[in-house]
Amino acid sequence: MQGNLIALNAKLPKVYSNFLDYNDFYNLSKMNTLKENLSYLKENKFQDLDILSDIYEAESYLLEYQIREVKRMEHFLSSKYRDFLKGYLLESEIRNIKYILRAIKIGKTPTVENLVIKGKAIDFKNNSLSEFVNNLRGSDYYDILKNYISDDDSTLFYMEMNLDKYYYQKLVDISKSFSKIDREEFLDTFGIKIDILNIIWIYRAKKYFNLLPEEIFNFTIFGGSYNSEKLLSLTYLREDDFVSEINKTKYSFLFEGKNGSDMFKRAERFEILNAKKVFAKSRGIGKLMAFLILLEKEIKDVEILLESTRFNLSSSDKLSHLINSAKGSEQLGY
């Protein structure tokens, strides 16, 4: 293992020890205003956070914070792992593109301040869907989205699905240059995420969308523990048979809930539990990959808490929406 990676793996537990814990979220849940929340977060975690921010500015700050934390790791890594971090950070670009697409589709003004792709500022203010996509010419995003410009109700759905597939396929492709051990740790972290995304997608496509198996297969992501042949066979199963098949695997917990929202929450809690295990045992690149997942979940929980405060939810309701449970996601139940 390269010396810098050893140094990074020694540093990460210290960084992780400064994450917000359940007691912090409990304290935040008792507060009634966004200003109180932001003041607590500034004092206990984010020293440069503006406590006078509105919810959109606070969320923008959290995204920038996450990006800064990830970029801090770059100088510890060789080029192939820096490439992985750059690929990982595409998620923030894609999140903004998806948000802009949604806003344009429903006729709202996007609250994103700016969008820069490969150093080029992209115009999206007062644009139609086709104008925005055309402004992405020269990027991979244009090639992904150009065939879905229409007034069809399903346009946004297909755009978002293809953006998600592009993102994870990019990470998979970068991981192919890793050593055998590091590829295994990729599978133990991001491979798990890909498996869960595929399972949820196939299930929801069967239950809620009237799509042919070939259409469902088209949006699956290669690179997890299921190869293309297995994914194709899963898309051809009836809904009940599909659930029975998944219930034979470690992902059976996905179908133990009462409704669709349970499935998403259980998936995220499983990702946290799995990432904590990898983080504790890994001495290779898996520690960094697990850290990235734990960081994104911490940020997401802060966003959930702030949104819950905005909508005046009770303390118990705020806590119930968090990804981390009272036991730190040591269990999948509620």
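## F46 and its aromatic partner

F46 is buried, with a relative accessible area of 1% in this predicted model. A search of the whole structure finds 27 aromatic pairs. In one of them, the ring centres of F46 and Y61 lie 5.8 Å apart. Their planes meet at 85°, so the pair is edge-to-face; the cut-off for that class is over 60 degrees.

The pair links distant parts of the chain. F46 sits in the loop between α3 (34-44) and α4 (55-71), while Y61 belongs to helix α4. They are 15 residues apart. Y61 is buried too, with a relative accessible area of 10%.

## Other ring contacts

One aromatic cluster is formed by Y81, F84, Y88, F178, F186 and F190.

Two lysines are placed over rings. K165 lies over the face of F222, 5.5 Å from the ring centre. K287 puts its charged end over the ring of F279, at 4.5 Å from the centre.

## Nonpolar cores

In soluble globular proteins, nonpolar side chains tend to be buried together. Here, the largest nonpolar core has 82 residues. L101, F132 and Y141 have the most contacts inside this core. Helix α14 (residues 286-310) gives the most to it, with 13 residues. Apart from this core lies another, of 27 residues, among them I196, F219, L254 and A267.

Which residues does L101 contact, leaving aside its neighbours within four places in sequence? L101 is in contact with L129, F132, V133, L145, L156, M159 and L163. F132 in that list is also one of the residues with the most contacts inside the largest core.

## Helix α5

Helix α5 covers residues 79-105, 27 residues in total. At 1.5 Å a residue, the helix should span 39 Å. Its end C-alpha atoms are 39 Å apart, which agrees. α5 is followed by G107, whose phi is positive, near 80°.

Is S29 buried or exposed? At 2% relative accessibility, S29 counts as buried, because the limit is under 20%. S29 is found in helix α2 (residues 22-29).

The side chains of S29 and S315 are joined by a polar contact of 2.8 Å. Not counting residues up to four places away in sequence, S29 touches L305, S315, K318 and L319.

Conventions: Residues are numbered from 1 along each chain as its sequence is written. This is a predicted model: local features need pLDDT of at least 70, side-chain atom pairs count only at pLDDT 80 or more; totals for chains, interfaces and linings use all residues. Side-chain values use heavy atoms; hydrogens and water are left out. Helices (H or I, at least four residues) and strands (E, at least two) are DSSP runs, numbered from the N terminus. Buried means under 20% relative accessible area, exposed over 50%, partly exposed in between (1.4 Å probe, protein chains only). A polar contact is a pair of N or O atoms within 3.5 Å; within protein, one must be able to donate a hydrogen and the other to accept it, and residues adjacent in sequence count only if both atoms are side-chain atoms. Contact means heavy atoms within 4.5 Å. The expected span of a helix is 1.5 Å times one less than its number of residues. A nonpolar core is a set of buried Ala, Val, Leu, Ile, Met, Phe, Trp, Tyr and Cys residues joined through side-chain atoms within 4.5 Å. Rings of Phe, Tyr and Trp (its six-membered ring) pair if their centres lie within 6.5 Å; planes under 30 degrees apart count as stacked, over 60 as edge-to-face and the rest as tilted. A charge sits over a ring if NZ of Lys or CZ of Arg is within 6 Å of the ring centre and within 35 degrees of the ring normal.
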